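Biologist: I would like to learn how to read a structure, one feature at a time. Could you give the idea and then the case?

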Amino acid sequence: MKKYLLVLLFLSFACERKEVRINDESDSKYAKELATNFYKELSNLDTLKIYNYLDASIPKKDLHKLIVKNNEDYGNITKVDVANVLTNYTNIDDKVEVKYEIKNLVIYEKVKCQETISFIKRNNENVKLEGYHCQEILE
């Protein structure tokens, strides 16, 4: 009997607890808020607030160059529409990670662009920018 209890006890500790949610409504709502705030700060050229999204793997200098280049080449942002939101929430043994990917139609003074921004949030850390991709739409 003791062997069975020991095996049962071992199995209960050996099993990982995993929860996954794809495109959960609350995560999608939060992703849209992230995009709204990001583009508001981008429109105002408020790079200090945008830098708060960065982690050490993305150099501030590179993002700054991209923002300045887009502003010079495309003009100011006049309108942003969220086209699609993808979210992925994963909780493994109380280690939470949420990934957000937001595709946006961004209308600048001179051109339209399809832009994708991606963020990640781990446990109780602040949300971090993982990627920012801008592709001009040729008309």
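Modeller: Start with aromatic rings: rings of Phe, Tyr and Trp (its six-membered ring) pair if their centres lie within 6.5 Å, and the pair is stacked with planes under 30 degrees apart, edge-to-face over 60 and tilted for the rest. Here, ring pairs link Phe38, Tyr39, Tyr53, Phe119 and Tyr132 into a cluster. Before going on: this is a predicted model, in which local features need pLDDT of at least 70 and side-chain atom pairs count only at pLDDT 80 or more, while totals for chains, interfaces and linings use all residues. Residues are numbered from 1 along each chain as its sequence is written, and side-chain values use heavy atoms, with hydrogens and water left out.

Biologist: What is the mean pLDDT of the chain?

Modeller: pLDDT is the predictor's confidence in each residue, from 0 to 100. The chain has a mean of 88, and 89% of its residues reach 70 or more. Helices (H or I, at least four residues) and strands (E, at least two) are DSSP runs, numbered from the N terminus. Among these elements, the lowest mean pLDDT, 54, belongs to helix 1 (residues 2-14), and the highest, 97, to strand 3 (residues 95-108).

Biologist: In which sense do strand 2 and strand 3 pair?

Modeller: Two strands pair if DSSP finds at least two bridges between them. Strand 2 and strand 3 are antiparallel, with 14 bridges; Asn88 stands opposite Lys99 in strand 3. Strand 2 (residues 77-92) also pairs with strand 1 (residues 18-22), again in the antiparallel sense, over five bridges. There, Arg21 stands opposite Tyr89 in strand 2.

Biologist: What is found in the hairpin of strand 2 and strand 3?

Modeller: Two residues lie between the strands of that hairpin, and Asp93 takes a positive phi near 50°. Asp94, in the loop between strand 2 and strand 3, has a positive phi near 65° although it is not a glycine. Burial is judged by relative accessible area: buried is under 20%, exposed over 50%, partly exposed in between (1.4 Å probe, protein chains only). Asp94, at 57%, is exposed.

Biologist: Where is Leu45?

Modeller: Leu45 sits in the loop between helix 2 (25-43) and helix 3 (47-51). Leu45 is not a glycine, yet its phi is positive, about 55°. With a relative accessible area of 41%, Leu45 is partly exposed.

Biologist: How many residues does the largest nonpolar core have?

Modeller: The general idea is that in soluble globular proteins, nonpolar side chains tend to be buried together. A nonpolar core is a set of buried Ala, Val, Leu, Ile, Met, Phe, Trp, Tyr and Cys residues joined through side-chain atoms within 4.5 Å. The largest one here has 29 residues, and Phe38 and Phe119 have the most contacts inside it. Helix 2, helix 3, helix 4 (60-74), strand 2, strand 3, strand 4 (112-122) and strand 5 (128-137) each supply at least two residues of this core. Helix 2 gives the most, six residues. Contact means heavy atoms within 4.5 Å. Beyond four places in sequence, the contacts of Phe119 include Leu34, Phe38, Tyr53 and Val98.

Biologist: How many aromatic pairs does a search of the whole structure find?

Modeller: The search finds seven. In one of them, Phe38 and Phe119 are edge-to-face, 6.0 Å centre to centre with 80° between the planes. Because Phe38 lies in helix 2 and Phe119 in strand 4, the pair ties together parts that are 81 residues apart in sequence. Phe38 is buried at 1%, and Phe119 is buried at 0%. Tyr74 and Tyr108 form a tilted pair, with 5.2 Å between centres and 50° between planes. Tyr74 is in helix 4 and Tyr108 in strand 3, so this pair ties together parts that are 34 residues apart in sequence. Tyr74 counts as buried at 12%, as does Tyr108 at 5%.

Biologist: How many disulfides does the structure hold?

Modeller: A disulfide is a pair of cysteine sulfur atoms within 2.5 Å. The structure holds zero. For Cys113, the nearest cysteine sulfur is that of Cys134, 3.7 Å away, which is too far for a bond. Cys113 is buried, at 0% relative accessible area, and Cys134 also counts as buried, at 19%.
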